[in-house]
Amino acid sequence: MSPEPTVEQLIAAARARATGDDELALLDAVIAVTRDLADHADEAVDQVVRQVRAAGHSWTVIGEHLGVSRQAARQKYADRVERIRQAAASGQAIRGRDLEGSLSSALAAAGTDGLSQAGTEHLLLGLLTDGVAAATLEQLGATRDKIRNTSRRLFDYPTGQAGAGQPVFSDEAEAALAAAEQLATERTPDCAPIVVNTPQLLAVIATNPGSRARRVLNDLGVDVADIKRLLHCYINLPRTPFGRRSRRARGGKKQPDRCSFCGHPSSEERRLVAGPEVWICSDCVALCGEILTQPADAQA
C-alpha cells in the first residue's frame, strides 16, 4: 500500500492543478485536492463494504469494524451498497451522495413552487444543498433566495396552488443528468467505477446556453467562465458542454451521439449535425436562429 501523502506532496499536487500562478489559485487547488481525498475516502468505504457483504459477512461484523451498531451500519450502507452493486453489474454510472441529496432538494423545490416537473433551474437550487457545486455557486454570489426569486420572475409558475403529487424531472433536466453521466464517463479511466457528483451537473447546466438554469445565471450576472475556472480543479472540462467523444460502454456498445448543447441523443425526430468535436441537434439550431433574430441587448 502506498503511504499517505505528505503535506508537501498535497501542495505539489495542488500546484499542478492550479489554474494560475498566484496564491489564491493555489488555495483553490489545495481545497479541491483535499475535498477529492475526502470524497474518495467515502467512496472507498462504500466499495469495500460492498465487497465485505459479498464475501458473506454480517452487518454486525461490519458495524464492529466501523465502530457503530449493526442497525446504524445497515441503515447507512445497505441501500448504497445495493445501488453500487447494481450499477457495477450493468456498467452504469453511480450517483454520489452529494448529487443524490441535490436531486432530492430539486424535486422538493419544484413541489414548493406548485409544479409537476422540476426544471434545470430547480437543479440549480438543489446544487446549493451540498458539495463542490454549492461552494462554487455561493462563492459567485448565487444564493438560494436569488435563484428562487429570479426563477419565479423569469418563468411562468402557478400562484397560490400546490403541485399534484410528487414532481418529476423535466425532459431538459433529464437530459442534463444524462449529460453529467456522460461527462463523468469520459473523464473516468476504464478500470474505475463511474461516479457522478455535483461538479459534473453544474458544468453541464451552466455551459448549456439554452437551459433555464443558464438563463437564471445570466440574469444574476454570474460569469460561466468563473464557474469553469472554479470547477477546473475537480473535473477536466471538455471544450464543449460534455463533448462528443465517449468511452465505450462495458459490453462493447458505443455510446449514442448526443447534442453538445441540450444533451438529447440522435433520433429520427431530432437529427444531429456534426462539427469538430461537437454535435448540435435540429432543435438547438432553431433556438440559435431565434436568439440571433433578437436585438443584441436582448441576448446579453
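Visitor: How are α9 and α10 oriented to each other?

Guide: They are oblique to each other, because their axes cross at roughly 120°. Keep in mind that this is a predicted model.

Visitor: Within what distance do the axes of α9 and α10 come?

Guide: The axes of α9 and α10 come within 8 Å.

Visitor: And is that crossing of α9 and α10 left-handed or right-handed?

Guide: The α9 and α10 crossing is right-handed.

Visitor: Which residues make the contact?

Guide: From α9 you have Ala176, Leu177, Ala179, Ala180, Leu183 and Ala184. On the α10 side the contact uses Gln200, Leu201, Ala203, Val204 and Ile205.

Visitor: What does the contact of α9 with α10 look like by class?

Guide: It has 10 nonpolar residues, one polar and no charged ones.

Visitor: Let me pick one of those. What does Leu201 touch?

Guide: Leaving out residues up to four places away in sequence, Leu201 touches Leu99, Leu103, Leu123, Leu127, Ala176, Leu177 and Ala180.

Visitor: Nice. How many residues are in the largest nonpolar core?

Guide: That core has 46 residues. Leu201 is one of those with the most contacts inside it, along with Leu123, Leu124, Leu137, Phe169, Leu202 and Ile205.

Visitor: Which helices supply at least two residues of this core?

Guide: Those are α5 (97–112), α6 (120–126), α7 (131–139), α9 (171–186), α10 (198–207), α11 and α12 (224–231). Of these, α9 gives the most, with seven residues.

Visitor: What lies apart from that core?

Guide: Another core, of six residues, lies apart from it, and among its members are Leu272, Trp279, Cys281 and Cys284.

Visitor: Switching to another pair: at what angle do α8 and α11 pack?

Guide: Helix α8 (residues 144–154) and helix α11 (residues 212–219) pack at about 110°, with axes 10 Å apart. That angle makes α8 roughly perpendicular to α11. Their crossing is right-handed.

Visitor: Who's in the contact there, and how do those residues divide?

Guide: Ile147, Thr150, Ser151, Arg153 and Leu154 of α8 meet Arg215, Val216 and Asp219 of α11. The residues of this contact divide into three nonpolar, two polar and three charged.

Visitor: Last thing, the whole protein. How many helices and strands?

Guide: The secondary structure comes to 14 helices and six strands. Of the 300 residues, 39% are buried.

Visitor: And what share of the contacts with a separation of 6 or more is between residues 24 or more positions apart?

Guide: Such pairs account for 60% of those contacts.

Technical notes: Residues numbered from 1 in each chain as written. Predicted model: local features only at pLDDT ≥ 70, side-chain atom pairs only at ≥ 80, totals over all residues. Heavy atoms only, no water. Axes fitted to C-alpha atoms, helices over the stretch in contact; angles between N-to-C directions. Helix = DSSP H or I, 4+ residues; strand = E, 2+ residues; numbered from the N terminus. Parallel < 35°, antiparallel > 145°, perpendicular 65-115°, else oblique. Left-handed = near helix turned anticlockwise from the far one by under 90°. Contact = heavy atoms within 4.5 Å. Nonpolar A, V, L, I, M, F, W, Y, C, P; charged D, E, K, R; others polar. Core = buried A, V, L, I, M, F, W, Y, C linked by side-chain atoms within 4.5 Å. Buried < 20%, exposed > 50% of the residue type's maximum accessible area, 1.4 Å probe, protein only.
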